[in-house]
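My notes follow the model.

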Amino acid sequence: VEHVRARHLQFAMAYLRLSIFLAMVVYASCGAVELTSTNYKEVVEDSGKSAFVKFFAPWCGHCKQMAPAWAELGDAFKDSTKVVIGDVDCTSDGGKELCNANGIKGYPSVKFMGAGGGSYEDYQGGRDVASLKKFAENLGPACSLANKEACDAAQITFLTEWAAKSAAERTAEIERMEAEVKVFTETHEENTKKLQADFQASKTKAEDGATALKPSIGMLKSIKVGADGKAEL
């Protein structure tokens, strides 16, 4: 018996070591770059590449479901000269700042930004490998002074106007716009909370009404009708 137990334990330990080794291989093959507040400027802002980034939390179930597809995407683009596939752990010390700066509220949040900087936009496509790869392949540069070919006429006018202003004026305008974005976001959140409260109140009213009527419905259904058409008392 002891011999059998020893063999089972030996097998279990070998299986555990193999599992750890395979996990390390999978992790090592993942081309998604872990982005933090420390390396973000170098890896994204100064890279001249577009960015396709997943903001996540390790405990998130949907994040875990998406992880294999994102890992495969990262591996496919790890040597790309056009796009950075990034991961930001919103629970880590290095990731919290990036998540807060980009207004991340739910997980996973997948966003993209063209080369040359600008602001992130929400990715609305499919989360399977094929959809992610197709989007990354077509991810182009964002409109900026360095990438005017990506701008339309209105954007060129906007850039020209603000390039002529002082850095202080541009900073003030950025702060004004970001404050406006914050108001929009907070208003949406307040409206969502109100809708949720209204939904809960309506649900409670419906449940209470049904609960009050069901006993009477049951009693009415329990009344048997005799052959003469009269209720049997």
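The model I am reading is a predicted one. I then followed the two strands, E2 and E3, and found that they run parallel and are joined by seven bridges. Between them the chain passes through H3, and this β-α-β crossover from E2 to E3 is right-handed.

Next I checked the other neighbour of E3. E1 pairs with E3 in the parallel sense, over two bridges. Val-33 stands opposite Gly-86 in E3.

Is E3 buried or exposed? I found seven of its seven residues buried, so E3 is largely enclosed by the rest of the structure. Val-83, Ile-85, Asp-87 and Asp-89 lie on one side, Val-84, Gly-86 and Val-88 on the other, and both faces are covered.

I then wrote down the whole sheet. It is open, has five strands in the order E1-E3-E2-E4-E5, and its pairing is mixed. E1 (33-34) and E5 (121-122) are the edge strands, each pairing on one side only.

At the E5 end, E4 (residues 109-113) and E5 are antiparallel, with two bridges. Phe-112 has Glu-121 in E5 as its bridge partner.

Finally, I checked confidence. The mean pLDDT is 85, but over residues 20-29 pLDDT stays under 50. Where pLDDT is low, predicted coordinates should not be read in detail.

Note on methods:
Residues numbered from 1 in each chain as written. Predicted model: local features only at pLDDT ≥ 70, side-chain atom pairs only at ≥ 80, totals over all residues. Heavy atoms only, no water. Pairing = 2+ DSSP bridges. Helix = DSSP H or I, 4+ residues; strand = E, 2+ residues; numbered from the N terminus. pLDDT = per-residue confidence, 0-100. Contact = heavy atoms within 4.5 Å. Buried < 20%, exposed > 50% of the residue type's maximum accessible area, 1.4 Å probe, protein only. Right-handed = clockwise from strand over helix to strand, strands pointing away.
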